[in-house]
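Here is a protein to look over. Take a moment with the sequence and the fold before reading on.

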Amino acid sequence: MKVERDKVVLFHYRLRDEAGVEIEDSRGRAPLAILFGHGNIIRGLEQALAGRAAGDRFEVVVPPEQGYGARRADYTQRVPKKYFPASDHLRPGMAVTLATDHGPRTVTVLKVGSSVVDVDLNHPMAGKTLHFAIEITAVRDAEPEELAHGHVHGAGGHEH
Ligand code: ZN
C-alpha cells in the first residue's frame with residue numbers, strides 16, 4: 001500500500017540540524033502516526049512521504065519555508081506569569097508550551113519579571129533547515145472516525 005491522501009502512515013524519524021546535531025529521535029517510543037494529506041506534519045516532510053511504502057528508509061532535507069517558517073525578528077510578547085505552568089522555574093532560553101485559543105504553542109523564554117514574562121513567539125525550529133532520516137513502519141487505511149477528525153487515533157496519534 002502506497003502513501004497517499006487519507007492513508008495512515010506510521011514512521012520513525014531522526015531529526016538533525018544543519019550542523020548534524022541531533023534534535024529528536026523517535027526510536028524507543030511508538031512511531032509517529034499521521035493522517036496523510038491533512039497537514040498533520042510540516043509540508044516538506046509530508047511531501048517527501050508521498051508514494052512511499054512500509055519498509056522504505058530515506059533522508060529528506062526540509063528548508064525553513066517547507067518547515068517551521070523563517071525566524072521573525074522582534075516577534076516577542078509580554079505574557080502574564082499566571083499563564084505559565086511551573087512559573088517559579090522559568091529561566092531565559094527555556095522552551096515552554098502554552099495553551100492558547102489556537103491550541104498548544106511552544107515559545108522561548110527571554111526575560112522573567114515579577115509578574116510578567118517576555119517570550120519569543122518564533123517556533124524553536126523556525127529558520128532551521130531540518131535533516132530527517134525516515135523509516136516507514138506501516139501504511140494502512142484510515143478509519144471513518146479518523147477521517148472525520150483529521151488525525152490518527154491510538155498509538156502514535158491522538159489519545160482521546
Ligand atoms: Zn480524534
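The model is predicted: local features need pLDDT of at least 70, side-chain atom pairs count only at pLDDT 80 or more, and totals for chains, interfaces and linings use all residues. Residues are numbered from 1 along each chain as its sequence is written, and side-chain values use heavy atoms, with hydrogens and water left out.

Q: How many Å separate the centres of domain 1 and domain 2?
A: Domain bounds come from an automatic or database domain assignment. That assignment gives domain 1 as 7-68 + 126-149 and domain 2 as 76-120. Taken over C-alpha atoms, the distance between their centres is 28 Å.

Q: What percentage of the 160 residues in the protein is buried?
A: Buried means under 20% relative accessible area, exposed over 50%, and partly exposed in between (1.4 Å probe, protein chains only). Of the 160 residues in the protein, the buried share is 37%.

Q: Which residue in the hairpin of β1 and β2 takes a positive phi?
A: Two strands pair if DSSP finds at least two bridges between them. Strand β1 (residues 7-16) and strand β2 (residues 22-25) pair in the antiparallel sense over three bridges. Arg14 has Asp25 in β2 as its bridge partner. The hairpin has five residues between the strands, and the one with a positive phi near 90° is Gly20.

Q: Which residue in β7 stands opposite Thr100?
A: Strand β6 (residues 95-100) pairs with strand β7 (residues 103-112) in the antiparallel sense, over six bridges. A hairpin of two residues joins β6 to β7. Opposite Thr100 stands Gly103.

Q: Is Val107 buried or exposed?
A: Val107 lies in strand β7. A contact means heavy atoms within 4.5 Å. Not counting residues up to four places away in sequence, Val107 touches Met94, Ala95, Val96, Leu98, Val119, Asp120 and Leu121. Its relative accessibility is 1%, so Val107 counts as buried.

Q: What is the relative accessible area of Thr108?
A: Thr108 is also found in strand β7. Leaving out residues up to four places away in sequence, its contacts include Gly93, Asp118 and Pro124. Thr108 is buried, because its relative accessible area is 18%.

Q: What is the geometry of the site of the zinc ion?
A: Donors are N, O and S atoms within 2.8 Å of the metal (3.2 Å for Na, K and Ca); water is not among the atoms, so sites may look incomplete. The protein donors are His149 (ND1), His151 (NE2), His153 (NE2) and His160 (NE2), lying 2.0 to 2.1 Å from the zinc ion. Four donors count as tetrahedral if all angles lie between 85 and 135 degrees. The angles among the four donor atoms are 98 to 122°, and the site is tetrahedral.

Q: What spacing do the donors of the zinc ion follow along the chain?
A: The protein donors are His149, His151, His153 and His160. Along the chain, their spacing is H-x1-H-x1-H-x6-H.

Q: Is His149 buried or partly exposed?
A: His151 is buried, with a relative accessible area of 15%. His149 has a relative accessibility of 38%, so His149 counts as partly exposed.

Note on methods: Tetrahedral: all angles 85-135°; square planar, octahedral: opposite > 155°, others 65-115°. Helix = DSSP H or I, 4+ residues; strand = E, 2+ residues; numbered from the N terminus.
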